[in-house]
Every structure is written in C-alpha cells, then in structure tokens.
Amino acid sequence: MRSAAPVTKPGRGSDLQLDLEVPVDVLLDRSAAPFEQKLACETIYQACLKHLPALEVQAMQLPAGKAISPADAARCVLDFLRTARFLQAVDQALLARARHAPGRGIELLYAGCGPLAPLALLLAHRHRDNGLRITLVDAHAASLSNAGRLFELAGVSDLLHDCVCADATRLTLARGRAPDLLVAEVMQRALSREPQLEVVANLFPQCALDAVLIPRRVSVSAWLARMGSELQPDAAPERIELGSLLDLSSTTLPDLVECLRSDSDALPEQCLQLPEILPQGLSLMLRTGIETGPDLLLGDYDSGLTYPQFLWNFDELAPACALGFTYRMGSDPGFHVRRLRSADAGAPKVPTERECGQAQNVDASDSTQLL
C-alpha cells in the first residue's frame, strides 16, 4: 500500500536544455583539485536555479526529525567534497550493478532528494543504457516538482519512474518493487536532527537482498579533545578516543532494526569510561565519519556533515568517571549523554550493562542532548 500519491512525471520535448556534463566530469574525477570541485558545484547550483522558481525556505517537522527546507537542500550541493564523494559512490555502484547483472535494469530509490536531486539527475544520462529507473522521494511536494522539471530540461525525464511525496520513514513501497540502490542523504553531523537512521531502517529492508546502500557507512564516536588545537590549522589535534557510539551500514542495520523493535524511542545506551589520567581543559567531542562507497571517505572537516561536535555542558570531567550515551529517536533525534554514578562513594567504576539502564544513577542536571 502506498503511503502517498505520486507526483505526476513531467513530459519530454522541452525546448530548454540543461547540460551539466562538464562539471559532472570534474566531480567524478578523483584527481580533481578542490577548487575545481568547488567551481563545478557552483556551476551546477547556478545552472539549476536559473530554471526554477524561488525555493521554499520553510523546513518541515516530521515525527522522526526535521526535513530541511528546499532552499537549504539545494544549497547542500555547494558542500563540494560531500557532493563529489556521494556522486562518485552512486556512479561506482551503478557501474558495478551493470557489470554484475547486464541487461537486468537498475532500480534507484533516492530518499530526501530535494529540489535538485543531484545524485540522480547528474548521473541519469550516463547510465541510460543500463536500464536505469529512478524513484524520487521527498516530504516537500515543491521539491519533487522542481526536480521533475530539471529532469525534463536535462532530457532524462523518461528515466524518472516515479516521484513520491511522503515521509520516507513511513513509506511502504509498492508491491513488487525492490530497489537495487538506496540513496539516502538526510542527515547532519552526529546523525542529529534529521531522520537518516529511521529512513534507512524503514526503506533498506524493502530493497533487493543484494541492494547497495549509499552512504555505505556512517559512524559516530566519542572523544575528548582540546578545542584550541582544533581551531588552529597548523596545530596537531590533542584527542583521546573514548569509543564507538553508533555504526550505520547495511551490515549493522539488522541489529539496529531489532533494537528499534524492542524500543522505538531509543537505541541501547553506550557506556564509556574516561581515562584515569586526564589532562585539564579537554572537552567532550563527537566525530562523524562517512564512507559513501568503497575507498570514498569524508573525514574531519571535509564536509559540514563531518565537523566535530563539542558538548560544552560536560567541559569539566573527572578522571575515570563513566558516561552513558543514548541515541534517542523522535522529532529531534540525536545523542543524549549523562554522568553515571558508582554505587558507592569510593573510586568510580565501569558500569555494567544493567547499571547503564538504571534511572536512579542519573543526575538530571548532568543530562543533556548533543545538538
């Protein structure tokens, strides 16, 4: 059963043309210089916008997180290394699928496509002969309408199989549809605010058994770091790793889905202990790592998605104290952290799994969300 009615696909034969092959060549070239990639993304952004009406600036609040405004979604293409790495990953996956099953055709599902739908629009012409069929999903009807217009202007509207205006965290695909490739880029750093986890948890199990997920992996880890060294380009970062908090990939997804079946409000708490010898002046930091595809990485400061995130409420931390990290779902998803108290007044100890879930060990004033 469909969760929302499809938007009518645009026709063909428009006199206008949208030719983006040159900047796309640059973005797919892994040896291209950063300034070349930046210029390519600016060219794509301006070329698309001149054919579209003014984009909406209002975000949409969904039960599982925020759907950013169409205007903000379009501007994401200007995050040039992010755009290049994601585009390279989609291109790589489409080529691999075509080699693996020639003549079978490829079903691409693009969730949260925005008004430019760049990860499909920019590659559609290149993969026409591989039987590519594209389904776009977005919560903003205007974004789908604008994306459809761009597909028409680029001469690839015949590859646009469907446009569905829906909340991707609730969408049920039509019977018999099993996409070969799921592209979902609805996230911010540390998987906060936007519903990346719930979108993937809902849609990927509905894809083909050998489907490819892009991004391939998103990981969030906790660290201690000195903010001053992070802000100085020539300074070596001063960091202490605490541990992994969340790993989202096709491999880990079954366990994450099972956890959400047990508790739809939150994932199990992760308990991490600070070192016994703790330099002064360190703050709690989350790092986000993204692997869009094999050997295609976005690391610290490569993108707005991977800027380290500091939690200032926990800037005075005691040596060997334990912290509990919980990824909570709902309208404002993200990590919440709390100090864990030991059962006695003596030296702190590492909490057990049972203790991690006991509310009586929480100091309410020390519990906050990572924004």
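User: Which side chain makes a polar contact with the side chain of E107?

Analyst: First, what you're looking at: this is a predicted model, where local features need pLDDT of at least 70, side-chain atom pairs count only at pLDDT 80 or more, and totals for chains, interfaces and linings use all residues. Residues are numbered from 1 along each chain as its sequence is written, and side-chain values use heavy atoms, with hydrogens and water left out. A polar contact is a pair of N or O atoms within 3.5 Å; within protein, one must be able to donate a hydrogen and the other to accept it, and residues adjacent in sequence count only if both atoms are side-chain atoms. For E107, the partner is the side chain of R177, at 3.1 Å.

User: Is E107 buried or exposed, and what is it in contact with?

Analyst: Buried means under 20% relative accessible area, exposed over 50%, and partly exposed in between (1.4 Å probe, protein chains only). E107 comes out at 15%, so it is buried. You'll find E107 in strand β4, residues 106–111; strands (E, at least two residues) and helices (H or I, at least four) are DSSP runs, numbered from the N terminus. Contact means heavy atoms within 4.5 Å. Leaving aside neighbours within four places in sequence, E107 touches R133, R177, P179, D180 and L181.

User: Where does E36 lie, and which backbone nitrogen is 2.8 Å from its side chain?

Analyst: E36 is in helix α2, residues 34–49, and is partly exposed at 34% relative accessibility. A polar atom of the E36 side chain is 2.8 Å from the backbone nitrogen of A33.

User: How do I read the faces of a helix, say α9?

Analyst: An α-helix has 3.6 residues a turn, so residues three or four places apart point the same way. In α9 (residues 253–262), the buried residues are L253, L256, V257 and L260. They fall within an arc of 100 degrees seen down the axis, so they line one face of the helix; the arc is that of the directions from the helix axis to the C-beta atoms. The face turned away from that buried side carries the exposed P254, D255, R261 and S262.

User: What covers the buried residues of α9?

Analyst: The cover includes α7 (196–203) and β10 (239–249).

User: How many disulfides are there?

Analyst: A disulfide is a pair of cysteine sulfur atoms within 2.5 Å, and the count here is zero. Take C165: the closest cysteine sulfur, in C113, is 9.8 Å from its own, too far for a bond. C165 is partly exposed at 23% relative accessibility, and C259 is partly exposed at 26%.
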